[in-house]
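Me: I would like to learn how to read a protein model one feature at a time. Could you take me through this one, giving the general idea before each case?

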Amino acid sequence: MMRSMMFGQPSRMVLTLNRRLLSSGKPIEKRRFDKILVANRGEIAIRVFRAITEMQRTSVAIYSEADINSMHRQKADEAYLVGKGLAPVAAYLNVEDIIRVAKANNVDAIHPGYGFLSERSDFAKACNEAGIVFIGPTPEVMSRMGDKVAARKAAIEAGVQVVPGTDFPINTAEEAKEFAKNFGTPLILKAAYGGGGRGMRRVDKIEEVEDAFTRASSEALAAFGNGSMFVERFIERPRHIEVQLLGDHYGNVVHLYERDCSVQRRHQKVVEIAPAPALDPKHRDAMLADSLKLAKHVGYQNAGTVEFLLDPRDGKHYFIEVNARLQVEHTISEEITGLDLVQHQIAIAEGRSLKDLELEQDKIKVNACAIQCRVTTEDPARNFTPDSGRIEVFRSGEGMGIRLDSASAFAGAHITPHYDSLLVKIISRARSHKKAAAKMARALKETRIRGVKTNIPFLQNVLNNKAFLDAAVDTYFIDENPHLFKFTPSKNRGQKLLKYLAEINVNGPTTPLVTNLKPSKVDPVVPPIPTGAPPVGLREVLKKHGPEAFAKVVRQRNALMLTDTTFRDAHQSLLATRVRTYDLQKIAPFVSHNFANLYSVENWGGATFDVAMRFLHECPWERLEILRKEIPNIPFQMLLRGANAVGYSSFPDNVVYKFCDLAVKSGMDVFRVFDSLNYLPNLVVGMDAVGKAGGVIEAAISYTGDVSDPSRKKYDLKYYMNLADELVKAGTHVLAIKDMAGLLRPTAAKILVDAIRQRHPDVPIHVHTHDTSGAGVASMLECAKAGADVVDVAVDSMSGMTSQPSMGAIVASLKGTEKETEIDPVAISKYNNYWELARQLYAPFECTTTMKSGNADVYTHQIPGGQYTNLQFQAYSLGLGHKFDEIKKAYAEANEACGDLVKVTPSSKVVGDLAQFMVQNKLDKNSLVERAEELSFPKSVIEFFEGQLGQPPYGFPEPLRSRVLRGRKGLSERPGASAPALDFDKLKKDLEEKHGHPLRDVDVMSSAMFPAEFDEFESFREMYGPISALPTRVFLTGMEVADETQIDIEKGKTLAIRQLAFGKLNEKGEREIFFELNGQMRSIFVQDREAGKDVVKRARANPLDKGSIGAPMPGEILEICVKVGDKVEPKQKLFVLSAMKMETVVEAPVAGKVTNIHVVKKEKVEGGDLVIEIEKA
């Protein structure tokens, strides 16, 4: 509703008062200002420049040395340096230098903006004495209104109600304590000579007065040059209402209605509204009338604001203060009235009357509702800690009803810690409060600011709050709505990905490359995929009827079934487990539609789990979930290391059970359960965990030796038959033979499989081998003939050597036989074509760099397939390629020294570590035993002899075990049997606190098994974003200048990236890398670790260590409150930091002892710099 109000003519006394001479002694003369200087910076300076330009006058800026690159300097017609050699804030407080610049450049008038000198009467007086017009009230009025005590006295004289408070400024904490004793608490301390929330503290207890006074006075001194304070009683739950005034030099004063500033924090306004919504008209009229009464009483001229606290309980309002200047939120008064306050300020200073300006009260109407949000560079998630740095991205929210007032809001701008944190003011305008809020919410949603933290998430929560929309807020609104601080973190995906690409450009791959080969510039083509749902597969039987029915169906089939290992073991053996989900996901739908008759797709577990986090920077659980979505019809299979789950050592039993439960829920079906020593107690734990989770138990016999050689005394047919009997007895659904080294010769395969089939005719048999010797296809064909139901294969281009036998070869070999598979050779060919190209992307990990063919000497050294590849890579990388035969021989000797083990992870690592140890120390089997008591063995070897892996089938070799343990007693039972259960709830709570965001149960499980790897992965993902969406070549080696790529970060959202340039090294040891993202230029600074290694850098706080206390923002250390050796308690004050004219007290987050202090008083620090270290108690 539009409103208007007309007040009576001013009294003769007031007219006489306002016709006084200016301090220059001359009567008011109408004149035109040709040149106007703005004694301020940032957005308010630009705001005033715009008004000056529209009035066709010349604008003049001043700037400090710190503001040499600031936008306000560039927006003015002329700009001059002030305060050379002074601190950034002090430069703008240097009255003498500002006057000097104004006189030297023929300035007619000075506009002070807000803050800095805007309420300093001595500045206004100095202007007038220099013959320069001060655009604002007279010095006398400023002095009276700027002094809160004098303003309070004037209000009382004018008959305006005030809050009980001191009658004069105070300068000591003792005076504040005396007031508290007389009037009680709560009370509020205010800077006597400034506002904006600076130097303001609420005090609830008398014992808090001294510290609060010290902090507030110090802030006031820094911000306004005077630390005097004003104390008054604190009114509970008020609304903060202020009235905008304009007065001329002829005794006329009008109001531009009111603003509601109740949404505030630390007494600083955050969101302002005009007019005040849901305000009783009689309360509004009373405050408007009192504002005019007070202004006329003091002879107020130019723009000003009278502020009140409105007690909604009884409707009484209390005068707080007069702001004798333009205010930050003047914009919304302009929007609702259509009046340009700055232009009217200038016109009034030129001597024009309100009547000349057509500003009679009855002509000033409310035409709209408006809201202003102050977007600041503060982090609301960290208690609004000011942030500084370089704005990497800026995209504004605009459109109908939106106004932006800013200065440093552009990409590339540097936000310094020297000044106020205000970045941009967003003003919305509409016909109602709710519609204005909707426009504001939309503008905030559109706004993108990267590089510095902002309060936008907080503002969005405010704008969406029902109480705010219903206009039912008071000054307690923020304090009483903690959900306003629950934010959905900004994803910032584009910028994080650019940071990753820039990091690779400057410092090389984040994933260590094994060979000197580069990823090929190929784009693997996915064959055509039919539309609609894929054919029904074996998984439907499992899901509908359970594991027992699943096993029965498998056993009843005549055709040999296949497990495709291309998605896991094949690339573990050939490409160091480096194939990414990105490339698996692309081909997965084709597999789903064309290989529905597979027994399973092996795609998870084993080394895949930790390697995904460590080297591919992927979540293994997300891989499983993604592939499950793409392949809903084929059972998935994984490798489970018995009581070790997917780790390399034993875990508490509840970890294994929980892991299997989560795996089944995430999409896993078949668990090949094995133990590196065939240790039955470890196997049974894994089997039971799988069974209780509802998965298919595929218990595995890990094969070594040669059952076809009657001269071998270990690992003979009887050994394997006994083990098979135990596994069937323990409840396995499927019995697996896991030939991890490819030792199962065709003759032995026939003997072993036939014997098991005869003994257990109803149990499906699944055989796994590696083709290291080249006889893999022959062995699997013999297994099929002897009664095996399933064998493992890999697509042709990912088969052979240390991988599995060829899928195409086995399918072709069985064609026309009773065991003929149900797999289409044409589909295999198309599948193969994809992987022939995809494999070229992983050239940096290609095993054929060193291994050119299979080698039958595997029957001698018995090295498992994946380990064989890794050992060969290591030998060549160390320049020992010519000694690889020697390493293989050492492996065989190490195996014998350990007692001839079943060699599969982690027992194979024990043998491999011991082999390298023997080569390095020039030991053979005999000298190893002789010198065992004096040698420092690898950790894995010691843990094996301690029994940490379990008990080997033929016992530990003596005297080697006793000499390695040196008197320590080894385990004689299952390692995890006595381990206490892991508290998952506590771990989850600790992890969420450490990483700062909610975690899923699967994340907690990853940490339970691989704590260091999980922490590193989480930190990496937080820093670099969704790098799993990058094409593989780009992920591994980055981009070159002029390269382009497109990245699908989610459905319907694609980033187009082009690299533009690679910058030179700067003085900080950084390089600037330039990109184009979605057509907009962006740049990233990256520390060059090699070229910049001589650049001295301050130690950084470790965000994962609570005892590592860093500076929360850039700033200056004002006070250090502890010393080395002090014992501190949580929330004890450690140090005080000053930044952006705000003092922040940093408290101890934990109890402990101060071990190091890295800074001294008055030292400048950057955000994140290490300040204090605490050794936690």
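This is a predicted model: local features need pLDDT of at least 70, side-chain atom pairs count only at pLDDT 80 or more; totals for chains, interfaces and linings use all residues.

Me: Is helix α12, at residues 330-337, enclosed or open to the outside?

Reply: The general idea is to look at each residue in turn and to call it buried when its relative accessible area is under 20%. In helix α12, 8 of the 8 residues are buried, so the helix is largely enclosed by the rest of the structure. The buried residues are H330, T331, I332, S333, E334, E335, I336 and T337. As a general point, an α-helix has 3.6 residues a turn, so residues three or four places apart point the same way.

Me: How should I describe the protein chain as a whole, and how many helices and strands does it have?

Reply: The protein chain has 41 helices and 42 strands, and its C-alpha trace spans about 125 × 65 × 55 Å along the principal axes. Of its 1177 residues, 59% count as buried, while the chain exposes about 46700 Å², with carbon and sulfur atoms supplying 50% of that area. If we consider contacts between residues at least 6 apart in sequence, 70% of them join residues at least 24 apart.

Me: Where is H240 found, and which side chain does it join in a polar contact?

Reply: For a single residue, one reads the element, then the accessibility, then the partners. H240 is found in strand β9, which covers residues 239-247, and H240 counts as buried because its relative accessibility is 8%. A polar contact of 3.2 Å joins the side chain of H240 to that of Q264. Not counting residues up to four places away in sequence, H240 touches several others, including R259, D260, F308 and T475.

Me: Which residues does R1082 contact, leaving aside its neighbours within four places in sequence?

Reply: R1082 is found in strand β34, residues 1080-1087, and with 12% relative accessibility R1082 counts as buried. Its contacts beyond those neighbours include E392, V393, G494, L498 and F1074. A polar contact of 2.9 Å joins the side chains of R1082 and Q495. Distance along the chain and distance in space can be read side by side: R1082 and Q1059 are 23 residues apart in sequence and 9.6 Å apart in space, C-alpha to C-alpha.

Me: Is T577 buried or exposed?

Reply: T577 lies in the loop between α20 (569-574) and α21 (581-594), and T577 counts as buried because its relative accessibility is 7%. Leaving aside its neighbours within four places in sequence, T577 is in contact with H571, Q572, A607, T608, V611 and L616.

Key: Residues are numbered from 1 along each chain as its sequence is written. Side-chain values use heavy atoms; hydrogens and water are left out. Helices (H or I, at least four residues) and strands (E, at least two) are DSSP runs, numbered from the N terminus. Buried means under 20% relative accessible area, exposed over 50%, partly exposed in between (1.4 Å probe, protein chains only). A polar contact is a pair of N or O atoms within 3.5 Å; within protein, one must be able to donate a hydrogen and the other to accept it, and residues adjacent in sequence count only if both atoms are side-chain atoms. Contact means heavy atoms within 4.5 Å. Accessible areas come from the Shrake-Rupley method with a 1.4 Å probe; for residues, only the protein chains shown count as cover.
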